[in-house]
Amino acid sequence: MEPDVSIETSCMIRIAVLPVGTVPASVLRDYFSMFLRHHTIPLAAISSFYTEHQKSPFAQQPWDAGSIRFKFLLGGAPPSPWEDFQSNRKILAVIGICHCPSTPDLDSAVEQFAAACKSYSSALVQRCFAFCPCDSQLEDGGKKEDVLRLFPPADHQTLDIHLQTMMQEIAASLLMDFEKWVLKAESAGTILKTPLDSQASLSSEEVLKAKKRRLGRAQKTIGDYCLLAGSPVDASAHYTTALELARLTGDFFWFAGALEGSVCALLMDRVSHIDAVLEDEVKYQYNNVILHYRKSFIQDNAQRVSPLSFELEATLKLARFLCSSYLCRRNLSKEVVELLTSAADGGKSLIDVNDRLVLFVEIARLFGTIGYQRKAAFFSRQVAQLYLQQDNKFAATSAMQVLAMTTKAYRVQSKASMPDPPHTKKQTGPSHTDSGKMHHHLVVSLFESQWSTLQMVVLREILLSAVRAGDPLAAWSAAARLLRQYYPLITPPGQNGLASALNNSAERLPSGTRSADPALPFVRLHSFPLHPSQMDIIKRSPTKEDWWAGSAPSGPFIYTPFSKGEPNDTSKQELVWIVGEPVQVLVELANPCGFDLRVDSIYLTVHSGSFDAFPISVDLPPNSSKVITLSGIPTSVGPITIPGCTVHCFGVITEHHFKDVDNLLLGAAQGLVLSDPFRCCGSAKLRNISVPSISVVPPLPLLVSHVLGGDGAIMLYEGEIRDIWVSLSNAGTAPVEQAHISLSGKNQDSIISIPYETLKSVLPLKPGAEVILPLTLKAWQLGPMDFEIGGGRAAASGSTGRQFKDASVPTLLIHYAGPSTDSGDVTSATGSTLPPGRRLVLPLQVCVLPGMSLIKARLLSMEIPAHIGKAHPKPMHEDDPTTETVEESERKMEKRLVKIDPYRGSWGLRFLELELSNPTDVVFEIGVSVQLDGTDDNNLSTNQDGSTEYGYPKTRIDRDYSARVLVPLEHFKLPVLDDSFFMRDFCNEGSTSSSRSSSFSEKNTKAELNASIKSLISRIKVRWQSGRNSSGELNIKDAVHTALQTSVMDVLLPDPLTFGFRLTRDNSSPQQGSDSKDSVLANDMTPMEVLVRNNTKEMIKMSLGISCRDVAGENCIEGEKSTVLWAGVLNGITMEVPPLQESKHTFSLYFLVPGEYTLVAAAVIEDANDVLRARAKTDSPDEPIYCRGPPFHVRVLGTA
Amino acid sequence: MATTASFIIVSRNDIPIYEAEVGSATKREDAAQLHQFVLHAALDIVQDLAWTTSAMFLKNIDRFNDLVVSVYVTAGHTRLMLLHDSRNDDGIKSFFQEVHELYIKVNFLQLGCSVHVLVFHLSIVEKN
């Protein structure tokens, strides 16, 4: 059987094209393709070469419209035993191709050609074409013009025209030879035999029969030559005669041959207008042909030779004819299928394997033509199996190539053959739209094909044939596809076998070979880690000076582990990478197979070449997955895309696209793909991550920080104050030109001092430079939750980790940026945008341990009554000019906190009691200090801030003990009671109502209270010290606030009036000792005076009264049993005291009984103003305001 | 019913959803593969043929060597394909009808459930 047969084959002249001398394969291919263009030579074109020697037997030759057709056979063909039966099987001409540059000796070339022609005995014309001869060869070759044709070097078009002319000449000489042959055959007759004819000695009857048949056969052969000569009408006439003769002699085989010829003549004659009628005619005739070939089957010689191949060829010819018509009329497909199916059936009986091969090839081609891809693939696979049965390398190569064609129908094609030819891919680089389309295609194909059994068989056969053919790359690719796609269906030994097949193939490949089909492992994108907090990038806008403002996240978390695993964020945000700074991408690898997988290297693929990827090697145990970090350094500015990874595994480099695996997982999720490789490795389901758009920006400065003294956690007790030093160094390649410190996170106020100026002063910070920033830290108070965590002393160290997780540590944010105009070309490329700034997030790793704690604060009132003495009570108020004269000792005394003001009396002396406990295992020393207002105390010993501090002796509190500290509150009294106090407090509060009148609403009173408490509390400080270098301050504000809430008015504000008593009698009494000069004797007139001081800025009018009580509390001035006589007025004394002045009222008492007495002065203020009312907290304006002084004790001694 | 037979159900998007080697012939792996190849190739013919006729049962639409393909196309374009080597058309037709009925039932009870698939499989093996 012959390949590529059609009805028209009968009218084609076969020409063998042979290379002569050495012709490089590519050059030969070029020359041969030039020949192919001249397969049809119009008769009109050859008339110049044609000379009619005798009368032409082709009487009806269509010189105007007809043509002669050539069929070129490169390399020639062996002579066919059926040449007599079908003349078109003869090789009628031989053309040699000589490439002169590689074959310098033309003589030997001609000899070689002549030798080659000897095997083509049927050849009528022999020509040797010598291309591109040099000058000497031109000269030399001119002498051998009979055989050699020289084609001087010329451009392609000229050469083509030259070749056309030569072919026309060949056509003309062939035509003349045909005429000669036909004339000879008609006259002399020829013996025409086929292998079908009995070879055995012929009986006389058979000889007679053969003679009869000879005429018909000659007519048929003449018809064949007419066809070859391009004269279908002549051919038709001869065929008709031949048909008659063959029918008469029962020569069915030749009958069928003649019938075939006549159909061909018919088609040639009416080549321009084929219609349905002609089609039906052809169909009918050809069915007849097939029938007669079948009839000619002779049982005798069926073992040796059979006309079956002619029957099948005829079937294929008809099928091909219908196929070409099928393109116009689809309903012919059923008939084509019928024909091809019966041809396939006939293939079983073919003796020659090669015939079967050709048959199946043709069937596959024809099925492919009508679009039956699966049928075509089926027969292609049959072809491949036939090839594989032949045990040689070339057959295996053919099998491999044929199977490669079936991969599309079975949807197991190699990626290299899928989207576009690989060479164009290499040139242009895959663009993204292309890969998108390809992926769509892939997804669809994933959903459509599930014939896994077939797919595995095909891939296994490709692997087998590739191994046999010695094509390691194809073998590798097939094994890779098989392993990657069907690993769930392959047993572990099978998987091992494939792995060793991969390794064996790789051994034969040169190192660095790339394959389009990835093998293992499966690679998917895991995540793009955000910039480490040290390297955050912040966009800068040129219009905004403080670009850092607003860039800080609004939430309490700056950098949380949650944001890492949030792929939604990752997909939305644009990643910014910096030239020269390493970046990381997390990918997940899976090895679902049962062997240890070693990935020799894996790195990120970036096609633009602006990225240096760092390869790493990974070992994956069986059925395992692993998340690995791939890193690299961007090398140039611009956008970067990362489509996948390049993997060097099993000795071959492959590219793994993330999208492929995504599609696979998508298919697995819908149950359309066999298995999810990651899931079967126990990896968690990961949401789809789309690759974010990544842009690369020019180099930026990079600050690296560390805390001096170690980056470990700083352990502080609550309230402890400590200085720490943070070192910042610029590890980038650009200088830091702007920098700004801000605070974030919880417990921000624990950072007491921030060295803004230190940082400013070192700018610009050159690359490599370092700056040390001092910070003062004050440990914050632990909340109730923290106490639970870190409460136990033993667990204190263990709880540090947990405390960091709470993110309770304050964070230093340093925003910095490089030069705003870096280089001209960059700014012009990116417009007016500034290079971005960066943010350094420096969480201060502070671990706060519970330290001294305040259990409670209480306000205590104490009564230490004063004795009335002769001395004038000292006024309290420092603005009084009399203070100037106060003795030094008194001033010293005043410095001490606990003192009794004899003038003020001791009534209502108030202390703040702080109860402290020490739950730690160290000793604390407590010191209380009170700051007094510098404006009031400027003449006392002052501190550096102009305020006076009253120090206490330190209180030591041992571990597990508690102690109480008393803080007297007397010194907070204001000198003057007036509305300015309220005004001032309101101003401090930031209230805008500066024009407040002296009327107070309840709300304002409250606000005023809070404000005054605040100012009061802020002046009390409880400092502690523990060991040598731990010291801090106790946070007592809240506790004190609660303690003082109710009585702050009394603490802060002076009474409007203060009262004091004094003895005014003469001090010269001899009985009196200096120590008892203030004592009073019974039965003696004791002159006394009461001093009333007005503490307000208004004149106060009052009605004063003095009462005296004995120890039992009985009034001893009035009543029946009064024991005290008096002189002067004691009740209803009307007094007017000018503002900030004092007035005296004198009186005398006469004590009848010795003992203890108490004198109390009281006054009812008349016409009180609002300030007084507010102070007295009266409810209604009509209520009298009653002032009472502190009690004064008088000890009355007996006279005895 | 048949000495060699391979039965397959192909969904409307050309995915095989059920396959069984039935019949009394000894089962060989390469034979089973060939059966699948033949049935897969026959899909091309079914594809064209199904639209030219209103019949659901398309008998002997394709053959390779001694193996004949008969197809039953359901209304939902699911194809029940049987590869067999004997020409017992009536038997095959009734087999197809029964399987179709079963298929509809199982489909109704959701084919995803493995119990139903097992019952389905057993019934099909039984019918041979």
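Which residue lies over the face of B:Phe37? In this predicted model, that residue is A:Arg381, placed 3.8 Å from the ring centre.

Confidence was examined next. The average pLDDT of chain A is 73. A score of at least 70 is reached by 72% of the residues. Residues 786-806 of chain A fall below 50.

Aromatic pairs were then counted. Over all chains, the structure holds 31 of them. One of these joins A:Phe253 and A:Phe310. Their ring centres are 5.2 Å apart, and their planes stand at 90°. Planes over 60 degrees apart count as edge-to-face, so this pair is edge-to-face. The two residues come from distant parts of the chain, 57 residues apart. A:Phe253 belongs to helix α8 (residues 252-269) of chain A. A:Phe310 belongs to helix α10 (residues 308-326) of chain A. Burial was assigned to residues under 20% relative accessible area. A:Phe253 is therefore buried, at 4% relative accessibility. A:Phe310 has a relative accessible area of 2%, so this residue is buried as well.

A further pair is formed by A:Phe360 and A:Phe379. The ring centres lie 5.7 Å apart. The planes meet at 45°, so the pair is tilted. A:Phe360 sits in helix α12 (residues 353-369) of chain A, and A:Phe379 in helix α13 (residues 373-389) of chain A. The pair therefore ties together parts that are 19 residues apart in sequence. A:Phe360 has 6% relative accessibility and so counts as buried. A:Phe379 is likewise buried, because its relative accessibility is 2%.

Aromatic residues also group in a cluster. A:Tyr31, A:Phe35, A:Phe70, A:Phe72, A:Phe129, A:Phe131 and A:Phe151 make up one such cluster.

Strand β38 (residues 1057-1063) of chain A is mostly covered. Of its 7 residues, 7 are buried. A:Leu1057, A:Phe1059, A:Phe1061 and A:Leu1063 point one way from β38(A). A:Thr1058, A:Gly1060 and A:Arg1062 point the other way. Both sets are buried, A:Arg1062 included. The pairing partner of β38(A) is strand β40 (residues 1085-1094) of chain A. The two run in the antiparallel sense and pair over 7 bridges. Within this pairing, A:Leu1057 stands opposite A:Asn1094 in β40(A).

Cysteines were checked last. A disulfide is a covalent bond between the sulfur atoms of two cysteines. The search of the whole structure finds 0 disulfides over all chains. A:Cys98 is in no disulfide. The nearest cysteine sulfur to A:Cys98 is that of A:Cys100, 4.6 Å away. A:Cys98 has a relative accessible area of 0% and is therefore buried. A:Cys128 is also in no disulfide. For A:Cys128, the nearest cysteine sulfur is that of A:Cys98, at 5.4 Å. A:Cys128 counts as buried because its relative accessibility is 0%.

How values were computed: Residues are numbered from 1 along each chain as its sequence is written. Chains are lettered from A and ligands numbered from 1 in the order in which they are written. This is a predicted model: local features need pLDDT of at least 70, side-chain atom pairs count only at pLDDT 80 or more; totals for chains, interfaces and linings use all residues. Side-chain values use heavy atoms; hydrogens and water are left out. Buried means under 20% relative accessible area, exposed over 50%, partly exposed in between (1.4 Å probe, protein chains only). Helices (H or I, at least four residues) and strands (E, at least two) are DSSP runs, numbered from the N terminus. Two strands pair if DSSP finds at least two bridges between them. Rings of Phe, Tyr and Trp (its six-membered ring) pair if their centres lie within 6.5 Å; planes under 30 degrees apart count as stacked, over 60 as edge-to-face and the rest as tilted. A charge sits over a ring if NZ of Lys or CZ of Arg is within 6 Å of the ring centre and within 35 degrees of the ring normal. pLDDT is the predictor's confidence in each residue, from 0 to 100. Contact means heavy atoms within 4.5 Å. A disulfide is a pair of cysteine sulfur atoms within 2.5 Å.
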